[in-house]
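Please look at the sequence and structure first.

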Amino acid sequence: MASPAAPARSFKKAMKQVLDPTKMGTWNVVRLPPIEKNAIIQGKPREQNSNAFKTHQWKEGVRLRKALNALTHGKNIFVYHNIRTNQVVYSLTRYLEKNSVLRQLVYHGKKTVPATLRKDMWVPYYSVHFNDSQVGLRAYHLLREFSLQRQLEPPREMITITEKYLDQKRPRHPEQAKKFDEEYADKLGWLMKKKDRARAVMDQKATSVADISAVLAIQEEEIANGFGEYSRGYLTKTARRRRREARKRAEKTAAQQAERIEQFKQTLSTKKVTFEIAEIKDAAQTESKDTVKILWNDLHNARFAESWPLRVLHGELSLSRDHVMPGQKQLANVGILADKTSPEKEVTA
């Protein structure tokens, strides 16, 4: 008697999902990556509720975030503004870091620099995306320099009493408005008071847009003159030795970061889903190397600049209630700069 046929086995391939490393820095599974139970820490196995285990897990999260940020370092600039003072800060990561933000805030008097970073006071303004990390880092450096120079040495017209300034500051109450007009009757062209000067200089919301437009125009000339291209030039023997040592250190660090990311991918992946961590590019970025993409929280803010270079493409940021900079807004039947990939959600180990 013939034996019954064995049931056919169904072999299903694991679904592959690509994760954007710029969006993973705020995930809990990245900040506190999973570590094996009773792992050897400081020479002996540690329990998960011990201080040594928690400190080791936090340090591993810092190293993992650095490795993820290194994949796209310099290719993205994320800009935030303060909803109360209109101060503007620049970040190379999609989320704000306390030390990076506080370093950019200049002291203009009492109550002008906060004691700590309040994430509810800083909202996304716009983001700039480059194809070359060297070009992006150069733009980041220029933006920081322009902002600092304007705050330390503001233009005269920015801190001068004008008719527009008086109209905005004049009280609504008739008696108070009369006293205000008598006080400022002969002060047109004078410098503002110290507190008002501080508020005027801190307001960088409009000048930040003009700065990024000017920076991109400057970079057009730099790229035409060969910026970013490798040039051997003449180097002394000592300089060549130092360059070789620096390259070896960079290669060693890159190998360690790649190994750390690979281990993290294996930890997240399951039989059903395989995760890959890589930079996600859209069609507009792959067509031209010099193309720059700017995503706005409010597209009308682009009018603060007099003109934009032809290589700049504009888009909109998606709406988000989180303090982290969102991604590209998906527009139906409009292929401006829309990413074809679906926005990924946080995964749990």
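Over the face of which residue does Arg-31 lie? Arg-31 lies over the face of Tyr-95, at 5.6 Å from the ring centre. The model is predicted: local features need pLDDT of at least 70, side-chain atom pairs count only at pLDDT 80 or more, and totals for chains, interfaces and linings use all residues. Residues are numbered from 1 along each chain as its sequence is written, and side-chain values use heavy atoms, with hydrogens and water left out.

**Charges over rings**
- A charge sits over a ring if NZ of Lys or CZ of Arg is within 6 Å of the ring centre and within 35 degrees of the ring normal.
- Lys-187 lies over the face of Tyr-184, 5.6 Å from the ring centre.

**Aromatic pairs**
- Rings of Phe, Tyr and Trp (its six-membered ring) pair if their centres lie within 6.5 Å; planes under 30 degrees apart count as stacked, over 60 as edge-to-face and the rest as tilted.
- The count by this rule is four aromatic pairs.
- One of them is the tilted pair of Tyr-126 and Trp-296, with 4.9 Å centre to centre and 40° between the planes.
- This pair links distant parts of the chain, 170 residues apart: Tyr-126 is in strand 6 (residues 122–129) and Trp-296 in strand 8 (residues 292–296). Strands (E, at least two residues) are DSSP runs, numbered from the N terminus.
- Phe-180 and Tyr-184 also form a tilted pair, at 4.6 Å centre to centre and 40° between the planes.
- Tyr-125, Tyr-126, Trp-296 and Trp-308 form one aromatic cluster.

**Burial**
- Buried means under 20% relative accessible area (1.4 Å probe, protein chains only).
- Tyr-126 counts as buried because its relative accessibility is 0%.
- Trp-296 is buried, also at 0% relative accessibility.
- Phe-180 and Tyr-184 are both buried.

Technical notes
Helix = DSSP H or I, 4+ residues; strand = E, 2+ residues; numbered from the N terminus. Buried < 20%, exposed > 50% of the residue type's maximum accessible area, 1.4 Å probe, protein only.
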